[in-house]
Amino acid sequence: MSAKLIKGTEIREEILEEITKEVAEIKDKHGVVPGLVTILIGENPASMSYVTLKIKTAHRVGFTEVQDSQPEDISEADLLALIDKYNNDDSINGILVQLPLPKQVDEKKILNAIDPDKDVDGFHPVNVGRLMIGGDEVKFPPCTPAGIQEMIVRAGVETSGAEVVVVGRSNIVGKPIANMMLQKGPGANSTVTIVHTRTKDLAGHCQRADILIVAAGVPGLVKPEWIKPGSCVIDVGVNRIGMNEKTGKAILRGDVDFDAAKEIAGSITPVPGGVGPMTITMLMKNTLKSLKFKLGLA
Ligand code: NAP
């Protein structure tokens with residue numbers, strides 16, 4: 001039997017509609033809309049295309065979007081001053097610095113300079129701490145893990161008491177999603193295991209998973225026999241495995257052997273069109289939340 005497809009492209013549309021509606025209501029009642037600034041350093045083509053998509057999405061949901069492009073040779077002091085300016089700008093609710101940053105700039109110093117209450121990427125240590133504590137403390141869950149949790153919930157997958165196995169322990173995906181799934185509360189309450197390159201029996205752990213979340217960056221790492229029949233499989237991996245000569249576009253594969261896995265799992269995310277579209281969507285949700293916190297609506 002073929003698994004139910006959990007499509008990020010469809011869930012994105014649902015969430016963006018909800019955000020657009022809420023933005024319009026807040027504008028009506030309070031006369032303000034969320035403000036997001038995207039700071040882009042230099043002309044890295046991948047960064048430029050990510051930022052373009054963020055700007056387009058921000059406009060679509062009715063935000064004020066400030067695009068601040070800076071030269072590749074910007075000094076660390078000048079970038080810190082720029083962040084300070086937006087930290088103190090009342091019309092800005094979210095500050096996004098597009099990574100990677102040039103060599104002369106200390107990435108950690110820059111990200112830590114963002115006001116935690118405008119850190120809509122959720123990477124500031126204060127927000128990482130808030131996420132760890134959980135419950136009402138959480139302000140801005142990092143966008144990709146937040147998107148993963150949202151997909152699991154909207155697909156109607158039971159998380160309470162579920163065995164969740166997370167492959168990968170990065171700070172942007174593995175560790176935060178593991179932490180989110182073990183919290184006390186809706187969409188969580190799971191029993192969580194994190195596995196990585198030093199794990200002894202990777203297959204054995206995966207086979208126990210009611211919800212298997214894979215963020216390793218290794219195409220086809222998860223074999224069909226590692227998947228528990230009927231489980232939910234979330235494939236975060238985005239791997240370029242070649243180029244389509246006709247379209248000139250990259251051929252993308254996930255970390256899971258999708259064709260075989262979909263015959264065993266109960267539900268599964270495709271690559272592309274699965275987790276990918278959720279990240280920018282959750283960035284919009286966090287920026288809206290930031291304004292709501294400021295207005296006392298959240
Ligand atoms: P990362 O920082 O490279 O971390 C990869 C993790 O996977 C590490 O913890 C690593 O273990 C583990 N790992 C790698 N190979 C493994 C193996 N053979 N067996 C077991 N564990 C293994 O990667 P990331 O930033 O989390 O990203 C992971 C994947 O998700 C990438 O393909 C990335 O492109 C994708 N991604 C997608 C989105 C999106 O769709 N929006 C967002 C973020 C990332 P060690 O710690 O032991 O090295």
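These legends walk you through close-up views of a predicted model.

In this predicted model, local features need pLDDT of at least 70 and side-chain atom pairs count only at pLDDT 80 or more, while totals for chains, interfaces and linings use all residues. Residues are numbered from 1 along each chain as its sequence is written, and side-chain values use heavy atoms, with hydrogens and water left out.

**View 1. Helix α1 packs with helix α10.** Helices here are DSSP runs (H or I, at least four residues), numbered from the N terminus. The axes of α1 (residues 8–30) and α10 come within 10 Å and cross at roughly 20°; axes are lines fitted to C-alpha atoms over the stretch in contact, and angles run from 0 to 180 degrees between N-to-C directions. That makes α1 roughly parallel to α10 (angles under 35 degrees count as roughly parallel, over 145 as roughly antiparallel, 65 to 115 as roughly perpendicular and the rest as oblique). Their crossing is left-handed, meaning that the near helix is turned anticlockwise from the far one by less than a right angle; clockwise would be right-handed. Look for I15, L16 and I19 among the α1 residues that meet α10, whose partners include L288 and L291; contact means heavy atoms within 4.5 Å. Sorted by class, the contact of α1 with α10 has 12 nonpolar, three polar and four charged residues (Ala, Val, Leu, Ile, Met, Phe, Trp, Tyr, Cys and Pro are nonpolar, Asp, Glu, Lys and Arg charged, and the others, Gly among them, polar).

**View 2. Helix α2 also packs with helix α10.** Here α2 (residues 45–60) and α10 (residues 278–295) pack at an angle of about 50°, with axes 10 Å apart. That makes α2 oblique to α10, and their crossing is right-handed. On the α2 side you can find Y50, L53, K54, T57 and A58, and on the α10 side I280, L283 and M284.

**View 3. Helix α6 meets helix α7.** These helices, α6 (residues 143–154) and α7 (residues 174–182), pack at about 40° with their axes 9 Å apart. That makes α6 oblique to α7. The crossing of α6 and α7 is right-handed. Residues in contact include I148 and I152 of α6 and M180 and M181 of α7. By class, eight are nonpolar, one is polar and none is charged.

View 4. 20 residues surround the ligand, the closest being R169, S170, T197, V238 and T279; a residue counts if one of its heavy atoms lies within 4 Å. An N or O atom in the side chain of T197 is 2.4 Å from a ligand oxygen atom. For A215, a backbone N or O atom lies 3.5 Å from an oxygen atom of the ligand.

Notes:
Helices (H or I, at least four residues) and strands (E, at least two) are DSSP runs, numbered from the N terminus. A polar contact is a pair of N or O atoms within 3.5 Å; within protein, one must be able to donate a hydrogen and the other to accept it, and residues adjacent in sequence count only if both atoms are side-chain atoms.
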